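Dear colleague,

I am handing over the structure below, with a request that you read the notes after it alongside the coordinates.

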Amino acid sequence: MQSQISQATMQDNMVTEFQYDIANGIPAEKGRIFLEQNGWDLVKALVQYYTYYLGTGKVPVVGQGASSQPTNNSKNIIFLSNTRAGKSTLVNKLSNSQAAAVGTSSLGRSTTLTYSSYNFTYQNQSYNAYDGPGLNDSDCRVSNQDILKQILQIMLVGFQGADLQGLVFFQSCTTDSFMMRPYLEKAQAIFGPEIKKTVLVLLTKCKNANPEFVSEATEICKQMGLKCLQWESIDITHQEMEQQKRKLFETISTLTPFQMKDIHRYRQEIVEKAFALKAQAPDCKKEELEEYKDTVQDIKLVKDIVNVSVPVTYQKRRGGIAGLAGGTKACTTSVQVCIPIDRPVITNVEVTKQYLKKSQVKPPLHQFIEPARAAILRRIDNTI
Ligand SMILES: Nc1nc2c(ncn2[C@@H]2O[C@H](COP(=O)(O)OP(=O)(O)OP(=O)(O)O)[C@@H](O)[C@H]2O)c(=O)[nH]1
Ligand SMILES: [Mg+2]
């Protein structure tokens, strides 16, 4: 019995610690689920929280997450780029359809507003291409952060444990800025350093572009260690298209698939780094109101009745002749009278009181997550 109680208290304390570390990001009962699912390992529960919950906004059900198995054999490809780089056009070319809306305006407004999956087959291999909104939408209808979060959700939930075969960056060669570096930085911030091996850069709209721009883009990709291909969706022959497709899928097959466990490994590194930063941080004063039980004496008045003797004086006939002559004498007796009273009774009453508990604690973990990520990314930065 005793050990059951102490285990329950220990678990309650862990839930409180978990809550403190995530800045009360979720209610205690959800925190308990994270801890239970991770065998009451605080670091593991925090990794799951910072990966799965922050990626999907959901508490994972048992078995969900890194360990679940893929349910189909399609290869997953995700497209990412600025608006109007040709993502949706490519989806239509690959799926031989007009399923994806293609932009017509020359403004920087994204035509595609949310990620959707398009299934097609190439040489007996089934593919799911995920086409989504363009980064840096001029109307800010979808923020860059939202776009990356959508991709994370697709991978955590939509893939059902399957790998990402290719993350395809589109670089239009008719614009005046190279985006490969910011694309990679954004992707690595979310998915970690391993994502780089899964990236393919497609240089689009090369036909009418300045050839120097195209070769400079190719050179930058090379310097960054990224595979790149030129791609033209418009005004090309059927034969040229087939050649392009062959090259595209050949290159995709050479990319290293990105696995769910890579996301978890990266998040684990962030959480562990955050714990290390927390350990080095100076203590901060923590003041919190703590409740405790106390017993106080309370005086209550209870209704009661007391019997009192009241002396009563009366005249009694005297004896003998004096009595016969009508003589009396004063006598005293007592009568019992009941009087209602309020009797004071002292009782012990249990009350809840509060006191200001002051302690020295480390700041909560969530304060170190971004510094930890930045430290890891600075390390990655040197390898771009
Ligand atoms: N010349 C040329 N034009 C292209 C190519 N790919 C797309 N376009 C044109 O570029 C414009 C934008 O194409 P989309 O496919 O809508 O671009 P997107 O990347 O999906 O854009 P958002 O959904 O806004 O992010 C359209 O007018 C296309 O016809 C290409 O390879 N060459
Ligand atoms: Mg589009």
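With 11 C-beta neighbours inside 10 Å, Ala-23 counts as exposed, where a residue is called exposed if 12 or fewer other C-beta atoms lie within 10 Å of its own, buried if 20 or more do, and partly exposed in between, with C-beta atoms placed from the backbone. Ala-23 sits in the loop between α1 (2–21) and α2 (28–37), and its phi is near 55°, a positive value in a residue other than glycine. Asn-24 belongs to the loop between α1 and α2 as well, has a positive phi of about 55° although it is not a glycine, and counts as partly exposed because 13 C-beta neighbours lie inside 10 Å. Most residues other than glycine have a negative phi. Helices (H or I, at least four residues) and strands (E, at least two) are DSSP runs, numbered from the N terminus.

Before the rest, a word on provenance. This is a predicted model, in which local features need pLDDT of at least 70 and side-chain atom pairs count only at pLDDT 80 or more, while totals for chains, interfaces and linings use all residues. Residues are numbered from 1 along each chain as its sequence is written, and chains are lettered from A and ligands numbered from 1 in the order in which they are written.

The mean pLDDT of the protein (the predictor's confidence in each residue, from 0 to 100) is 89, and 94% of the residues reach 70 or more. Over residues 64–68, however, pLDDT stays under 50, and for this stretch the model has nine contacts beyond four places in sequence, a contact being two residues whose C-beta atoms, placed from the backbone, lie within 7 Å. Where pLDDT is low, the predicted coordinates should not be read in detail.

Around ligand 1 there are 21 residues, of which Gly-86, Ser-88, Gly-103, Thr-112 and Gly-134 come nearest; a residue is taken as near if its C-beta atom, placed from the backbone, lies within 6 Å of the molecule or strand in question. This shell divides into four nonpolar, 13 polar and four charged residues, where Ala, Val, Leu, Ile, Met, Phe, Trp, Tyr, Cys and Pro count as nonpolar, Asp, Glu, Lys and Arg as charged, and the others, Gly among them, as polar. Helix α4 (residues 87–95) gives the most to the shell, with three residues.

Thr-89 is a residue of helix α4, and counts as buried because it has 20 C-beta neighbours inside 10 Å. Not counting residues up to four places away in sequence, Thr-89 touches Val-102 and Ser-233, and the C-alpha atoms of Thr-89 and Ser-233 are separated by 7.0 Å although these residues are 144 apart along the chain.

Helix α5 (residues 144–158) has 15 residues, which at 1.5 Å a residue should span 21 Å, and its end C-alpha atoms are 20 Å apart, which agrees; the expected span is 1.5 Å times one less than the number of residues. Within α5, Ile-147, Ile-151, Ile-154, Met-155 and Leu-156 are buried, and what covers them includes α3 (42–56), β1 (75–81), β3 (125–131), β4 (164–172) and α9 (260–280). Met-155 has 26 C-beta neighbours inside 10 Å and, leaving aside neighbours within four places in sequence, is in contact with Leu-164 and Ile-263. Just after α5, Gln-160 takes a positive phi of about 50°.

The axes of helix α6 (residues 180–191) and helix α7 (residues 211–224) come within 10 Å and cross at roughly 35°. The contact is made by Met-180, Arg-181 and Leu-184 of α6 and by Ile-220, Cys-221 and Met-224 of α7, a set that divides into five nonpolar, no polar and one charged. Axes here are lines fitted to C-alpha atoms, for helices over the stretch in contact, and angles run from 0 to 180 degrees between N-to-C directions. Lys-222 is also found in helix α7 and is exposed, with 11 other C-beta atoms within 10 Å.

Lastly, Asn-38, in the loop between α2 and α3, is partly exposed, with 16 C-beta neighbours inside 10 Å, and touches Lys-44, Ala-45 and Gln-48, not counting residues up to four places away in sequence.

With best wishes
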